Structures are given as structure tokens and as C-alpha cells.
Amino acid sequence: MSLGPLAAVLVGWVLMALAMLVLWQVQRRRSDASFVDAAWAAGLGLLALLYIGVLPGGGGRRLLVTLLAVLWSGRLALHLLKDRVIGKEEDGRYREMRRQWGARAQAEFFWYFQAQALAAALFSVPFVVAMANGRPFPGAWDAAGVAVWLAAVGGEWLADAQLARFRADPRNRGRTCRAGLWSWSRHPNYFFEWLHWWSYVLLAAGGPWWWLTLLGPAAMLYLLFRVTGIPKNEARALETRGDDYRDYQRRTSAFIPLPPRRPRRDG
């Protein structure tokens with residue numbers, strides 16, 4: 001079966017919507033929605049595999065985009081499962097949502113899960129556009145895209161590992177991680193996740209509709225700063241770590257890794 005780019009994305013959306021319907025039912029039985037983040041990440045890798053199977057044509061760039069998307073998706077999904085799901089209570093974000101929604105929580109979670117399906121379809125658009133790029137392969141833009149991907153995924157892996165090592169030490173309970181990349185950015189994992197989406201912009205450069213790949217970094221930046229990322233995480237950090245986190249905010253860049261600021265000296 002061969003589909004055009006738009007039809008492929010629409011089919012991907014339908015499949016993700018059905019998958020999220022099943023997962024919503026699982027959430028209903030368990031009263032735990034933490035796994036939806038890992039499911040979203042894994043779903044994007046599966047969409048990349050779908051697209052390479054149904055889009056017409058072939059070529060090295062199509063294989064490269066699929067490989068990069070699947071590797072990114074698998075690493076992130078496994079990390080989220082280990083960090084937030086396996087052997088853990090429901091993530092604090094979802095407990096708070098459940099508390100705020102009260103009796104209508106299940107109806108609200110239904111639409112929340114469906115929003116994840118729509119988001120997955122939209123975030124998969126850069127994969128389709130990069131796969132459809134017909135310029136000669138490989139080229140300088142492809143090398144640049146791979147370099148950005150390696151830096152981004154490697155940086156996110158390192159940030160996750162540094163935070164996990166810090167949290168594993170009982171002496172750090174109630175303290176803020178300032179190890180490695182976390183001394184340069186309050187959210188280095190978010191920064192590198194955002195940077196990752198630029199790799200598909202580079203892989204699509206010179207091809208038709210390449211500007212649609214900007215949807216990836218633009219949407220991710222909006223989500224991180226306005227929806228589920230930085231504001232909610234920092235609000236919880238201030239509640240649990242108080243002055244320690246306020247000092248961290250004063251000294252450390254919110255997003256882009258930068259050298260830590262020195263404390264001000266009065267007089």
C-alpha cells in the first residue's frame with residue numbers, strides 16, 4: 001500500500017487515537033496515567049516505521065530519518081518507563097490533575113490521551129517532510145542533521161544519567177541537582193530534547209515543504225515553556241525545595257546551557 005504524505009499522517013493520527021483509547025482504558029483500571037508520556041514517545045518511533053512502509057519511493061535519507069527517529073523514540077520511551085512508571089507511584093503532575101478534575105477526571109483524561117495522539121501526529125510531520133526530500137543523498141545538510149542529532153540525544157542522555165545518579169544518593173533528598181549539565185541549565189534535558197527536533201529541519205533542507213519541519217522545534221518550545229514542562233516542574237520544585245531552588249534559579253540559566261552566575265555580593 002502506498003499513501004501520499006498527508007494521507008500517511010492522517011492514518012498515523014487514527015492509529016495513535018485508537019492506541020490512546022486502549023491506554024486510556026488501562027489508565028482507568030489502574031488510576032495511573034504516568035505511562036502516557038512513554039507511550040507518546042514510543043508512538044512517534046512507530047509512526048516513523050509506518051511512514052517508511054507506506055510512503056512511495058525509497059532512498060538513503062528515508063532510512064536515515066527512520067533510524068534516527070526510532071533510536072530517539074526508543075531511548076526516550078525506555079527512560080520515561082524507568083524514571084516514572086516501573087515501580088513508581090503515579091507522577092505528581094497526574095495526581096494533581098486528578099485532584100483538580102475531581103468527579104470528571106476520567107472524561108478529562110480521555111481528551112488528554114486523545115490530545116497526545118494528535119500531538120504525536122503533528123510531531124511526526126517533520127519525519128514525513130524529511131523523508132520526502134529528494135535532493136542528492138548524502139549531502140552537507142544531512143551530515144549537519146546527524147551531528148545535531150548526536151549532540152542532542154547524547155546531551156539528553158547525559159543529563160538524564162547525571163540526574164538519576166544524583167537522585168540515587170539518599171543524602172541528596174530534598175536538595176537540587178547541580179551536577180554536570182545541571183549546573184549550566186535548570187532543564188538541560190528539555191534543552192537537548194528541543195535541539196533534537198532541529199536535526200529534521202536540517203535533513204529536510206532544500207526539499208519541498210521543508211519549512212513544515214519547523215513545527216517540531218516551535219511546538220516543543222511552546223509546550224516546554226507554556227504547557228507541561230518548565231512552569232509546572234519549577235512550581236513543584238519551589239514547593240518541595242524552597243530557598244535551595246530559589247538560589248538555584250538565581251544562579252542557573254533556565255534553558256540554554258550557560259556558565260553559572262556568581263552570587264551577588266552586597267557592598
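What follows takes the helix pairs in turn, then the pocket, then the backbone. The model is predicted.

Two packed helices are described by the angle between their axes and the distance between the axes. Start with helix 7, which spans residues 140-168, and helix 8. Their axes lie 8 Å apart, and the packing angle is about 160°. Angles over 145 degrees count as roughly antiparallel. Helix 7 is therefore roughly antiparallel to helix 8. The crossing of this pair is left-handed.

The residues in this contact can be listed by side. Helix 7 contributes Val-148, Trp-149, Ala-151, Ala-152, Val-153, Gly-155, Glu-156, Ala-159 and Asp-160. Helix 8 answers with Pro-188, Asn-189, Phe-192, Glu-193, Leu-195 and His-196. By class, the contact of helix 7 with helix 8 holds nine nonpolar, three polar and three charged residues.

Now follow helix 8 to another partner. Helix 8 covers residues 188-196, and helix 10 covers residues 215-227. The axes of helix 8 and helix 10 come within 8 Å and cross at roughly 160°. Because of that angle, helix 8 runs roughly antiparallel to helix 10. Here the crossing is right-handed, whereas that of helix 7 and helix 8 is left-handed.

Which residues in helix 8 meet helix 10? They are Tyr-190, Glu-193 and Trp-194. On the helix 10 side, the partners are Pro-217, Met-220, Leu-221 and Leu-224. This contact divides into six nonpolar residues, no polar ones and one charged.

Helix 10 leads on to helix 11, residues 230-251. The axes of helix 10 and helix 11 come within 4 Å, crossing at roughly 30°. Angles under 35 degrees count as roughly parallel. Helix 10 and helix 11 are therefore roughly parallel to each other.

In this contact, helix 10 supplies Leu-224, Phe-225, Arg-226 and Val-227. Helix 11 supplies Ile-230, Pro-231 and Lys-232. The classes are five nonpolar, no polar and two charged.

Turn next to empty space. Rolling a probe the size of a water molecule over the atoms shows where empty space is left. The second largest pocket holds about 260 Å³. Its lining has 15 residues, and those closest to the centre are Pro-5, Leu-6, Val-9, Val-125 and Leu-212. Helix 1 (5-30), helix 5 (105-123) and helix 6 (125-131) each give two or more residues to this lining. Which element gives the most? Helix 1 does, with five residues. By class, the lining of the second largest pocket has 15 nonpolar residues, no polar ones and no charged ones.

Is the peptide bond from Phe-137 to Pro-138 cis or trans? That bond is cis, with omega near 0°. Pro-138 sits in the loop between helix 6 and helix 7. The other position is Ser-31, in the loop between helix 1 and helix 2 (36-54). Phi of Ser-31 is near 55°, which is positive in a residue other than glycine.

Notes. Residues numbered from 1 in each chain as written. Predicted model: local features only at pLDDT ≥ 70, side-chain atom pairs only at ≥ 80, totals over all residues. Heavy atoms only, no water. Axes fitted to C-alpha atoms, helices over the stretch in contact; angles between N-to-C directions. Parallel < 35°, antiparallel > 145°, perpendicular 65-115°, else oblique. Left-handed = near helix turned anticlockwise from the far one by under 90°. Contact = heavy atoms within 4.5 Å. Nonpolar A, V, L, I, M, F, W, Y, C, P; charged D, E, K, R; others polar. 1 Å grid on protein atoms, 1.4 Å probe; cavity = no way out; pocket = protein on both sides within 12 Å on 5 of 7 lines; lining within 4 Å. Points joined across faces, edges and corners; volume = space filled by probe spheres on them.
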